[in-house]
Amino acid sequence: MTPLGIYVHVPFCASRCGYCDFNTYTAEDLGPGVDRVGFHGHLIADIGLAAGALGPREVSTVFIGGGTPTLLGAGPLVGILDAIRRHFPLASDAEITTEANPDSVDRKMLDVLRFGGFTRISFGMQSAAPHVLAVLERTHTPGMARQAAGWTRDSGFEHINIDLIYGTPGETDDDLRASLDEALAADVDHVSAYALIVEDGTALGRRVARGEIPAPDDDVSADRYAIIDDTLSTCGMSWYEISNWARPGAECRHNLGYWHSADWWGVGPGAHSHLTGERWWNIKHPARYAALVSEGASPREDGETLTREQRATENLMLGVRTREGVALADAGGDKEGLVRDGLLDASAYAEGRAVLTRRGRLLTNRVVRALTRD
Ligand SMILES: C[S@@+](CC[C@H](N)C(=O)[O-])C[C@H]1O[C@@H](n2cnc3c(N)ncnc32)[C@H](O)[C@@H]1O
Ligand code: SF4
């Protein structure tokens, strides 16, 4: 059976970073009707509703994301995991991740999470350069992610990820190299690196619109991607998805489920779910979400059923992002032309697969457009 992943969304942050448009709320912008304290009770109620709808299906991965899940505290996070265990058979080798901000954990908390069954922590380090962290409006200081990764290793976690953001205005090549050195010195087995996206409606978006800071430059970001890919591959981490590098065996199975169009159930405000071609998403605001689940009602806002063609296109768009790529037989367009243009790998092509070259990874939209032509 297709593996099932459970995603749990924790919609709280201590403060909002200027670039972020995720569904997350600080204490000030949360409004009445809901409180961070005790919110895990609503998530646990939602897990019960999911179990009622799904039946006893084995769960192979759990990912608690946000927001800042660790703001709930270790006990409530373990409580959420225990609820999943009570309602579902959890695979004996299940991968269980929580995201964390480097300044939202301490050694004791990590011990409790590990003892409670978590196997993987993902830290949002973003950069090691103080002026880059300042533009991003991060609350942690350089060095905190490395210290937190050290505690995580000492607590006995199997896997640790560090998220980086590159291409921030004011970042230099050397700043990025220093961030990569810091991530490598933290001895993590996984790095996610994202080009900074300036989202409309964010503080960063407004500053860029006012001309206060320049927008990220695509050519600079492409050069930085090459630095990341070269540095990490030299140090034993290979790319396995456009923005993700891992040591062998440390690939994030939960996220692979998204790219392989597996099944996942999203718990929490605004969380998305996908079960064999049916997709839906929950009410976004935590207060309305909490009111529904506490009455035993589904927090689902809306959804859609994909046609066979839509599913095929989606499988292709997501699958081609991975190192495995997609079968040539499942793709349309001038695939040979893409090999000639250096966008698809020639040896994978000879074996019947469409796999992106590094140039292809930088021009994924163009490749996807070409592969989805008849
Ligand atoms: C939503 S955050 C949750 C993790 C945690 N709250 C943190 O920030 O440390 C997950 C990751 O998404 C990435 N991210 C969020 N907004 C982004 C943006 N506008 N551009 C690029 N990356 C972004 C960051 O790398 C961040 O670590
Ligand atoms: S801490 Fe993470 S989730 Fe929260 S605002 Fe910053 S990037 Fe977004």
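User: How do the residues of the shell around ligand 1 divide by class?
Analyst: The shell around ligand 1 divides into 8 nonpolar, 6 polar and 4 charged residues. Ala, Val, Leu, Ile, Met, Phe, Trp, Tyr, Cys and Pro count as nonpolar, Asp, Glu, Lys and Arg as charged, and the others, Gly among them, as polar. This is a predicted model, where local features need pLDDT of at least 70, side-chain atom pairs count only at pLDDT 80 or more, and totals for chains, interfaces and linings use all residues. Residues are numbered from 1 along each chain as its sequence is written, chains are lettered from A and ligands numbered from 1 in the order in which they are written, and side-chain values use heavy atoms, with hydrogens and water left out.

User: Which of the 18 residues around ligand 1 come nearest?
Analyst: Gly67, Asn101, Gln126, Arg138 and Asp163. A residue is near a molecule if one of its heavy atoms lies within 4 Å of it.

User: And which strands supply at least two residues of that shell?
Analyst: Strands S3 (90–100), S4 (120–126), S5 (159–166) and S6 (190–195) each do. Strands are DSSP runs of E, at least two residues, and helices are runs of H or I, at least four, numbered from the N terminus.

User: What lies 2.9 Å from a nitrogen atom of ligand 1?
Analyst: An N or O atom in the side chain of Asn101 does, and so does a polar backbone atom of Ile197. For Gly67, a backbone N or O atom lies 2.8 Å from a nitrogen atom of the ligand. The protein covers 92% of the 560 Å² of accessible area that ligand 1 has on its own (Shrake-Rupley method, 1.4 Å probe).

User: Now ligand 2. What surrounds it?
Analyst: Cys13, Arg16, Cys17, Tyr19, Cys20, Gly67, Thr68, Asn101 and Arg138. By class, that shell has 4 nonpolar, 3 polar and 2 charged residues.

User: Different topic. Where is Leu344, and is it buried or exposed?
Analyst: Leu344 lies in the loop between helix H12 (335–340) and helix H13 (346–350). Its relative accessibility is 2%, so Leu344 counts as buried; buried means under 20% relative accessible area, exposed over 50%, partly exposed in between (1.4 Å probe, protein chains only).

User: How far is Leu344 from Gln147?
Analyst: They are 197 residues apart in sequence and 40 Å apart in space, C-alpha to C-alpha.

Notes
Polar contact = N/O pair within 3.5 Å; in protein donor to acceptor, adjacent residues only side chain to side chain.
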